[in-house]
Amino acid sequence: MTKSNKKAEEIEQLLANPWAVDIEKLWQQAAHNPDKDLRKRITSTSRRYFNAMRNNDGKHEPVKNAENYLYGTMQNLFGVWWNKQANEKYRATHPDNF
């Protein structure tokens, strides 16, 4: 099995069971990633997450399940980052489409 097939299979398994994702492992990998944009996004997302956890101003509903909220914020973060990377790669390889 090729490397890309293994990665695709791993992604399919994660999509089938999203709770199997080890967010801490992803977070550690991303924190050591040389991509400064990703590190900046992790910092701002973490800041928003902790602000939401301690938000008691009455303007917003309090977070009922912190684990689910963290999972959602990290899933959104990595989804946005990956889509940005894929878009840049596609634009570089298909300049005639733009």
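Q: How many helices and strands does the protein have?
A: This is a predicted model, and in it the protein has four helices and zero strands. Read from the N terminus on, the elements run α-α-α-α.

Q: And how much of the protein counts as buried?
A: Of its 98 residues, 15% count as buried. The protein exposes about 8,100 Å², and carbon and sulfur atoms supply 53% of that area.

Q: What share of the contacts with a separation of 6 or more comes from residues 24 or more positions apart?
A: Such residues account for 55% of the contacts in the protein with a separation of 6 or more.

Q: Let's go to helix α3. What span should it have, and how far apart are its end C-alpha atoms?
A: Helix α3 covers residues 36-53, which is 18 residues, and at 1.5 Å a residue it should span 26 Å; the end C-alpha atoms are 26 Å apart, so the two values agree.

Q: Which residues of α3 are buried?
A: The buried residues of α3 are Leu38, Ile42, Thr45, Ser46, Tyr49 and Ala52. They are on the same side of α3, because they cover an arc of only 125° around the axis.

Q: What does the face turned away from that buried side carry?
A: That face of α3 carries the exposed residues Lys36, Lys40, Arg47 and Arg48.

Q: Switching to the core: which residues make up the largest nonpolar one?
A: The largest nonpolar core has six residues, namely Leu38, Ile42, Met74, Leu77, Phe78 and Trp81. The elements that give two or more residues to this core are α3 and α4, and α4 gives the most, with four residues.

Q: Tell me about Leu77, then. Is it buried or exposed?
A: Leu77, which is found in helix α4, is buried, because its relative accessible area is 6% and the cut-off for buried is under 20%.

Q: What is Leu77 in contact with, apart from its neighbours within four places in sequence?
A: With those neighbours left aside, Leu77 is in contact with Arg41, Ile42 and Thr45. As for Leu38, the C-alpha atoms of Leu77 and Leu38 are separated by 8.8 Å, while the two residues are 39 residues apart along the chain.

Q: You mentioned Thr45. Where does Thr45 lie, and is it buried or exposed?
A: Thr45 lies in helix α3, and its relative accessibility of 4% is why it counts as buried. Leaving aside neighbours within four places in sequence, Thr45 is in contact with Thr73, Met74 and Leu77.

Q: And Thr73, which helix is that in?
A: Thr73 is found in helix α4, which covers residues 66-93. At 17% relative accessibility, Thr73 counts as buried, since the cut-off is under 20%. Beyond its neighbours within four places in sequence, Thr73 is in contact with Thr45 and Tyr49.

Q: Something else: how many aromatic pairs does a search of the whole structure find?
A: The search finds two aromatic pairs. One of them is formed by Tyr49 and Phe50, and this pair is edge-to-face, at 5.0 Å centre to centre with 70° between the planes. The other one joins Tyr49 and Tyr69, whose ring centres are 5.9 Å apart and whose planes are at 25°, so that pair is stacked.

Q: Which parts does the pair of Tyr49 and Tyr69 tie together?
A: Tyr49 lies in helix α3 and Tyr69 in helix α4, so the pair ties together parts that are 20 residues apart in sequence. Ring pairs link Tyr49, Phe50 and Tyr69 into a cluster.

Q: Which of these three residues are buried or partly exposed?
A: Tyr49 is buried, with a relative accessible area of 9%, whereas Phe50 counts as partly exposed at 44% relative accessibility. Tyr69 is also partly exposed, with a relative accessible area of 34%.

Q: Last one. Where does Pro62 lie?
A: Pro62 lies in the loop between α3 and α4, and at 57% relative accessibility Pro62 counts as exposed. Pro62 and Ala52 are ten residues apart in sequence, and C-alpha to C-alpha they are 7.5 Å apart in space.

Methods: Residues numbered from 1 in each chain as written. Predicted model: local features only at pLDDT ≥ 70, side-chain atom pairs only at ≥ 80, totals over all residues. Heavy atoms only, no water. Buried < 20%, exposed > 50% of the residue type's maximum accessible area, 1.4 Å probe, protein only. Contact = heavy atoms within 4.5 Å. Areas by Shrake-Rupley, 256 points an atom, 1.4 Å probe, with all protein chains shown as cover. Expected span 1.5 Å × (residues − 1). Arc of directions from axis to C-beta. Core = buried A, V, L, I, M, F, W, Y, C linked by side-chain atoms within 4.5 Å. Phe/Tyr/Trp six-rings, centres within 6.5 Å; stacked < 30°, edge-to-face > 60°.
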